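Hi everyone, thanks for coming. I'd like to walk you through a structure today, so please have a look at it while I talk.

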Amino acid sequence: MVDVDSFVEDARAEISEALGDETAIIALSGGVDSSTAAALAYEAVGDQLVPVYVDTGLMRKGETDEIREVFDYMDSLRVVDASDRFFDELAGVTDPEEKRHAIGEQFIREFETVAEEVDATQLVQGTIYPDRIESEGTIKSHHNVGGLPERVGFEGIVEPMRDLYKDEVREVARHLGLEEIISERMPFPGPGLAVRVIGEVTPEKVAVCREATHIVEDELEAYEPWQAFAAVLGRATGVKGDNRVHGHVVAVRSVESRDGMTARAQELEWETLQRLQSRIAGTIDEVSRVVYDVTHKPPATIEYE
Amino acid sequence: MTHILVVDNHGQFTHLEHRLLRDMDGVTVDLTDNTTPPADIDADGLVLSGGPTMADIGHCREYLTLDVPILGVCLGHQLIADELGGRIEAGDYGGYADVTVSISDADDPLVGSLAPDTRVWASHADEVVAVPDGFTITAESDICGVEAMGDTDRDLYGVQWHPEVAHTEEGEAVFENFVAICE
């Protein structure tokens with residue numbers, strides 16, 4: 001395990017030296033990796049670092065406000081509302097890899113804009129050790145800003161956590177005093193709720209997914225899942241009141257895991273499952289059916305796309 | 001210090017093999033691509049990782065003649081069988097997630113300490129159906145006849161499951177046993 005004290009000291013020195021008096025940006029997603037990298041770099045160089053948070057419109061309920069609050073102490077923080085632009089790019093796109101690509105491209109455009117505005121010549125990234133190995137694999141292209149360095153042509157890239165594993169990053173986050181909502185944050189994919197909506201991503205389906213995910217996180221808190229969420233799979237017939245509806249099918253997923261590499265579907269009580277379906281189908285008009293995903297990883301992945 | 005090299009066959013769990021060994025006392029570990037020339041391999045033991053395809057195993061077949069203890073994991077296990085005269089085939093029943101493995105050779109230095117059985121996490125479509133000459137089947141399960149094999153003369157070993165993942169119950173013991181073989 002990493003020695004946190006000496007790691008933080010070394011990382012700060014490395015960042016200060018690499019940046020000199022130049023301006024750097026970091027893509028802040030609110031996840032533990034980028035948040036910790038941002039906090040480390042901000043401690044090292046203050047407002048020379050411009051953390052950029054892009055609200056894609058694909059975030060969880062209340063997430064953007066939460067980020068704004070947690071990182072309020074960074075005067076240089078930029079919050080970009082780009083939801084219309086992301087939904088425009090996603091219109092008509094149904095293939096999972098194409099979706100990720102469209103989102104990645106738009107992310108790059110958003111950061112490019114800010115980088116030019118603030119004249120950033122350096123990029124700080126929260127890359128961790130498994131990212132460096134996994135990016136060679138073929139499971140999923142999961143790096144939002146993977147193509148950013150090539151496009152913007154930064155003079156330098158600083159990756160202070162390149163040798164750390166996720167649990168070590170969490171230790172560093174705790175050491176830096178990042179609030180629990182960050183240091184213990186449930187993993188959330190870069191492309192956001194888009195990978196939890198099968199088929200075309202529309203504001204309407206994302207709204208269903210967001211509300212249902214909120215219910216799942218709330219109801220399953222006691223089970224301490226590693227990750228728990230809802231996905232919108234497609235449509236099926238239902239009957240609400242005396243009306244036939246062709247509503248969304250919402251899948252509930254709740255898994256326990258150490259590192260996300262393997263996962264076990266959690267064993268939930270029947271009463272819990274019933275409360276979930278009742279709240280999801282009962283309070284979200286467009287939902288006619290709720291299913292629970294019992295598949296482990298492998299053969300399934302944790303996320304749907 | 002015992003120096004172990006993890007050879008990356010581009011499996012999604014390769015970095016977990018590196019992690020497990022890195023955190024072990026008395027062990028130094030490096031991760032290397034499977035295209036590393038055999039002449040440049042300098043280690044007390046090799047771990048051949050899993051991976052998506054036999055078409056992308058680089059120089060792994062040549063590493064088997066380096067006279068150094070080897071642990072093959074998943075695809076790494078299958079490639080040992082394939083190269084040395086065993087046989088691999090597509091399994092009838094893909095091995096995914098939870099599998100209970102019975103240890104058939106309690107004296108085996110790699111998996112014997114897990115006897116009589118152990119719960120593992122697996123992820124494979126293909127499997128070894130015949131082990132090469134000199135090898136013994138050391139573990140089996142309901143869905144796969146060769147869950148582990150070993151040749152104690154040449155110190156070549158293979159496991160079909162993934163000892164490096166968190167959901168495998170006694171995965172660390174497999175690596176500890178392998179390190180003991182390498183010392």
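**A tour of chains B and A**

Let me begin with what the record says: UniProt annotates residues 3-183 of chain B as "domain: Glutamine amidotransferase type-1". Please keep in mind that this is a predicted model. Across residues 3-183 of chain B, 19% is helix and 36% is strand, and the end C-alpha atoms lie 9 Å apart.

Now to the sheet in chain B. In what order do its strands run? Nine strands make up an open sheet, and the order is S2-S1-S3-S4-S9-S8-S7-S5-S6, with mixed pairing. The edges are taken by strand S2 (27-33) and strand S6 (117-130) of chain B; each has a single partner strand, so one side of each has no neighbour in the sheet. From one strand to the next, the twist averages 20°.

Let's zoom in on one pair. Strand S8 (residues 148-151) and strand S9 (residues 156-159) of chain B run antiparallel and are joined by four bridges. Here you can find Ala148(B) opposite Val159(B) in S9(B). Helix H3 (residues 75-83) of chain B lies across S8 and S9, and also across S3, S4, S5 and S6 of that chain, at about 115° to S4(B).

On to chain A, which is divided into domain 1 (4-183) and domain 2 (202-292). Their C-alpha centres lie 29 Å apart. Seven residues from domain 1 of chain A and nine residues from domain 2 of chain A take part in the contact.

I picked two helices of chain A to show you. Helix H2 covers residues 32-45, and its 14 residues reach 20 Å from first C-alpha to last, close to the 20 Å expected. After H2(A) comes Gly46(A), with a positive phi near 60°.

The other is helix H10 (residues 203-219) of chain A, where 17 residues reach 24 Å, close to the 24 Å expected. Its buried residues include Val206(A), Cys209(A), Ile215(A) and Glu219(A). Among the elements covering the buried residues of H10(A) are helices H4 and H11 and strands S6, S7 and S9 of chain A.

That's my tour, and I'm happy to take questions!

Methods
Residues numbered from 1 in each chain as written. Chains lettered and ligands numbered in written order. Predicted model: local features only at pLDDT ≥ 70, side-chain atom pairs only at ≥ 80, totals over all residues. Heavy atoms only, no water. Pairing = 2+ DSSP bridges. Axes fitted to C-alpha atoms, helices over the stretch in contact; angles between N-to-C directions. Contact = heavy atoms within 4.5 Å. UniProt positions renumbered as here; feature names shortened; annotations may be inferred. Expected span 1.5 Å × (residues − 1). Buried < 20%, exposed > 50% of the residue type's maximum accessible area, 1.4 Å probe, protein only. Domains from an automatic or database assignment.
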